[in-house]
Structures are given as structure tokens and as C-alpha cells.
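Hi,

Here is the structure I promised to pass on to you. Have a look at it first, then read on for what turned up.

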Amino acid sequence: MFLALLLQASPGASTLGTANPVSIGMFFLFVAVTLYITYWAAKKTKTGSEFYAAGRSISGFQNGLALAGDYMSAASFLGIAGMVATKGYDGLIYSIGFLVGWPLIMFLIAEPLRNLGKYTFADVVAFRLRQRPIRIVSSVGSLMTIAFYLIAQMVGAGGLIKTLFGLEYELAVLVVGCVMTLYVLFGGMIATTWVQIIKAVLLLSGATVLVLLSLAKFGFSPGNLLESVSTNYGQEMLAPGGYISNPFDALSLGLALMLGTAGLPHILMRFYTVPDAKAARKSVFVATGFIGYFYLLTFLIGFSAMALVGKPAIESLDKGGNMAALLLAEQTGGTAFLGFIAAVAFATILAVVAGLTLSGASSISHDLYVHVFKNGVSDEKGEIKVAKRATIALGILSILLGLVFKGQNVAFMVGLAFSIAASANFPALLMSIIWKRFTTKGAVWSIATGALLSLVLIVLSPTIMVDIMGYEEAIFPLKNPALVSMSGAFLMGILVSLLQPEHEAAAKFESEKLRTYLGVGAE
Amino acid sequence: MNQPHRTPHDVLESSDFKKLVKQRWSVSLVLTFTMLAVYFGFLLLVAFNKEVLATRIGEYTTLAIPVGLGIILFAWLLTGIYVFWANNKYDSSVENLKNKIQ
């Protein structure tokens, strides 16, 4: 029945949505190879450090690719290319926001995080503060970020796979949920990292070929490409348009994208997979380079799709333009190439949800189980057992959430995840690293304020009230709450810390400096 | 000069260590604020003066295109500058200080 479903053909100019033997073959090959890697990784995944942090054996360059892989989701590949294809230059403004967070991760966070922590970013926040309260609130912050990001990915995956392969939505969600659970459950961080690296290489090379094939139609001259865009759709496509009308909106979204990156648990967790701070630093350099190159590619793919496929054809399939890159692949490289790109997009989703699930499971087992329920006394076997159970639970949960939110508009959830990451996770992490007088109560209040404000304000924002609930006007004016929620989180953290000093925490700040800056005693 | 072996506490209190920490944050903060200024400067330009960015610098190419792609390149170069500084300056000071700890 499965195959019959896949092989059903449907008429139309594009073969999108029909069974494409190349894409199905490619996809099965990808799953087979990655499951073999998982099998290989399973034999090397015995201890906690191996499960959570790949035994700290990943090199700086490899980790850079894996970080880039975590960040280059199907949403950014198809979404940004689609945004450029339908709205022109504005798509680039959006991708710049996603990129500029990376330098800040390097300058402010990467090295202290690597030196102070063990498996999760809460290790760093809790380092000199009281464990129990910090672990509880920071795991809530982590899990909220992960949940919203995961829902957006699962719902996107189901819809995308339905369009790509003609596979039923429910079946697609089930396949994604099961395969990624296998990666994490048996292969831990080692498998998750290698899946991510393979996918990053596939995605970058696939997108590069797509750009070359497209530019070939313009005599390899980007100038000719821009000329075609300008003559067909007007010169205004090549300059900023209506994307940013309200400067406060721009500032708020900019902050969420930029600093949210520095608060994403699955990204932060990757810094523990390298041996030391020097490798952590190198991995950000590599990641930033690859991600920047990737955004350059999506920019060219978007304009090429606009010029070669045409805006009406793209918008007729999907209003947001999400199918632009795929239609372009079909037009320039035929059905076989479409199949390849479609399989890469599928692989991308799998790899990203695996990373999210692993970071969620570590938050549950390492932060909650060990430090809240076991008072910090970890027996390694018990901890891994809990981590594996949490993985299965999160796998099932992600499938259920994918089913529950079927057909819902969940695009806002990515913005919300970034807002919570920027407001709940980032301020507490930064203040714990750089500010001596930061206290336990300050951290708790900061995280709680950031998370709550993000949640409440997004419900009152035009993103939900106008776009989803259909009200004329929203109570809160900004589309993304980060400007207010992040400022609130910093302010609360500072005020509460100053009102009630914690001498012990301040004293420990001095002694932890050897570890923060020299790496003495780092794990 | 300095004694060859010291306790961790002596290293923490040493002027070399304090200088190192101070230097690390000056480099980081200068680079951070450069990035913030460039990015938010760009957003403000988009919000308040789109016309400048729409200026043609080629037959069809607008100023917005090299500026946008330039910011991506610039962000990457900044990370490169930091890595270069840290590999050459920071790491050797770290080694020196670590060797002094008993």
C-alpha cells in the first residue's frame, strides 16, 4: 500500500507531488546510510559524555559544518528562497538577521560556555548559583524553545513531504518522527552530528549545483539575471520593499533573530562536542562561513526562480513561495535533479528535528532528573536511561503535535521560539558569564519574565490576533515581542540581583575565572 | 621577573591574568558593537531611507545588493578577526599563565 501510494501519478505541468523514483531512491539511500551510521555510533555511545557530547571528539571544522547543518533548516532553504522569489530583495534582509547572530555567539558566549559547562547551557547559568531553582526554570525555557521549534518543523515536514512525494501527511509525520527517534535513541550525539554533517554537505552542494545550472541560463552573469528580474517584475524587486515599514518592528524582529540564535539549546549544546575552547571558536568561524555562503545561494536561487519559473507559477503552488527552489530545480535539471533536491529537503528536516530532540532529552535528563530530582548526584547509567526514555517520549510527542497542528498556521512558532530563546535563555546565560553580581533570584526572575512576556505578547500581537484570529487590530503593536520581552528579562535580572545580593555567588565568580578564561578544570 | 610556580589564587590575582581578561573583553566588545552598529544601521536605513538603497550602481544592480551581501561577508570577516587574535595572542598568554600554576 505504501508503494502504491508513492507511485500514484497525477497530471500537471510540474511533477511535484507525484512519485519521483529518483527522490524516493535518494531518500531511502539517505535513510539507509544514516541508520548505518547510527548503528556504528551506537557501539561508541556508552557513557554520558558520549551520548550528550559525542565524547568531545568532534573537530572544530566538523562541528562548524554540524552547526551550519542545525541552522540551515528546510524552512530557511525553501522559505528564504521563496521569499526572494516572491518579494525580491526583502528576503535578503530576513536572512541577514539570521546570520549576524553568529559573530555574537563567538564574541560573547562560545568559549566561556565550552569551558564552564558539561552538557547543557544550564550548566553555565547554574555554575555558581543555586542548582535546583536555576535548573527548573532554565529547562522550562529550553523545552519551550524546543517545543515551538519542533512543532513548526513537524507541521512543515508533513506538508512539504505531501507536496513533494504525494505521501499522506500523517504517514510523513510518522516516518520523520520514527527515523529521528532512532538516530537519537541509539546513536546519541555522535549519530546526530554525523547526520547533520552529511546533510549540510548535501544541502550546500545541491544548492551550489542549482545556482550553477540557473546561472548557466544567463551566461553565468548575475547582471543578466538581475536584468531579467527587473524587466519582468520591475526594478523595485531589487531594492527593499514593504517588509520593513515600522522601524520598531524591524528592531524587534532583528533582536529576536540575532540574539535568539545565541539562545537556541540545540545550537549551544554543540559546543560541548569539541575538545576545547579553541575548537569551539574555530567551529563558529566555519559555521558562519558556510551559513553566509548558503544565504548567498538562496538569494540567487530566489531570483533565478523568479526569472526562470515566474512568480505566478510559483505562487499558484504555494502563496508563500515555498516551492520556488524545487520548481527551479525541475526546470533547470529535470525530474532527476528535482528528486535530488526534494530528498535533500527531507533529509534536512530529519536532521534538524533529531538535534532538537536530543537537546530536549538532555534538558530533561541532565537538568531536571539529575539536578532537581537527584540533587546533582548522577549515576551515569540511570541518567542515560532517563535520557533515552525522554527521547522516546519526545519522539512520540513530536508525532502527536505534528498531527494535532495539521493544517494550522504555525509559521509564527519559529519567530516565537527565537523570541523565547532571545528573552529567556540568552540574557540569563550572558549575565551569568559576565556579571559578577548576578544572583540565583535574578536569574529565575529574568528567565521567567522573558518566557512569559514572549508568550503573552505574541498572543496579543498582530501575528496572532490579526493574522490568525482575524481581529482588525492587535493589542500589542509589534509582530515579534523580543524588543520588549528581552529588555524585560535583562531589567528584571539586574533589578532583582541588585536588590538582594548573593555573596556566595559573587565570591564563586572570582574563582571560576580560571576555568572561564584559561580552561583550567574544563570538562 | 615572576616566580615560576604559583597557586591558582596567585594567578587569579596576578596583573598578567587581569590584563588578559580585560583584553579579551575589550576585543570581544569592540567586535560585538561593530556588528550591532552595522546590522542595526542597515535596518534603520531600510526603515527610513529606502531610496538610498534603491540607487542604481550598475545598469540594474542597486546599492542594496552589494550592501546586503557585504554585511554577510563582513560578519564572517569579524569572526575571522577574532579567531586570528585569539589564536595568536590570547592562546599564548593562556599557556603562559597555565604553566605558572603549580
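Setting aside neighbours within four places in sequence, A:G82 is in contact with A:G320, A:G321, A:N322 and A:A324; "in contact" means that the C-beta atoms of two residues, placed from the backbone, lie within 7 Å. A quick word on the ground rules: this is a predicted model, where local features need pLDDT of at least 70 and side-chain atom pairs count only at pLDDT 80 or more, while totals for chains, interfaces and linings use all residues. Residues are numbered from 1 along each chain as its sequence is written, and chains are lettered from A and ligands numbered from 1 in the order in which they are written.

Back to A:G82, which sits in helix 5 (residues 74–87) of chain A. Helices (H or I, at least four residues) and strands (E, at least two) are DSSP runs, numbered from the N terminus. A:G82 is buried, with 28 other C-beta atoms within 10 Å. The cut-offs: buried takes 20 or more other C-beta atoms within 10 Å of a residue's own, exposed takes 12 or fewer, and partly exposed is in between, with C-beta atoms placed from the backbone. A:G82 and A:A325 are 243 residues apart along the chain, yet their C-alpha atoms are separated by 7.0 Å.

Leaving out neighbours within four places in sequence, its contacts include A:A85, A:T86 and A:G321. A:F186, on the other hand, is 128 residues from A:I314 in sequence and 40 Å from it in space, C-alpha to C-alpha.

There is a helix pair to look at as well. Helix 16 (residues 324–373) and helix 17 (residues 380–404) of chain A pack at an angle of about 135 degrees, their axes 8 Å apart. Axes here are lines fitted to C-alpha atoms, for helices over the stretch in contact, and angles run from 0 to 180 degrees between N-to-C directions. That makes helix 16 of chain A oblique to helix 17 of chain A; under 35 degrees counts as roughly parallel, over 145 as roughly antiparallel, 65 to 115 as roughly perpendicular and the rest as oblique. Among the residues making the contact are A:G360 of helix 16 and A:A387 of helix 17.

Zooming out, chain A has 23 helices and zero strands. Of the 523 residues in chain A, 63% are buried.

How many helices does chain B have? Four, with zero strands. Chain B has a radius of gyration of 22 Å, well over the 13 Å from the globule rule for 102 residues, so it is more spread out than a compact globule. Its C-alpha trace spans about 65 × 25 × 15 Å along the principal axes, and 25% of its 102 residues count as buried.

Finally, the two chains meet: 45 residues from chain B and 42 residues from chain A take part in the contact. Helix 4 of chain B gives the most to the side of chain B that touches chain A, with 19 residues.

Cheers

Terms used. Rg over C-alpha atoms; globule rule 2.2 N^0.38 Å.
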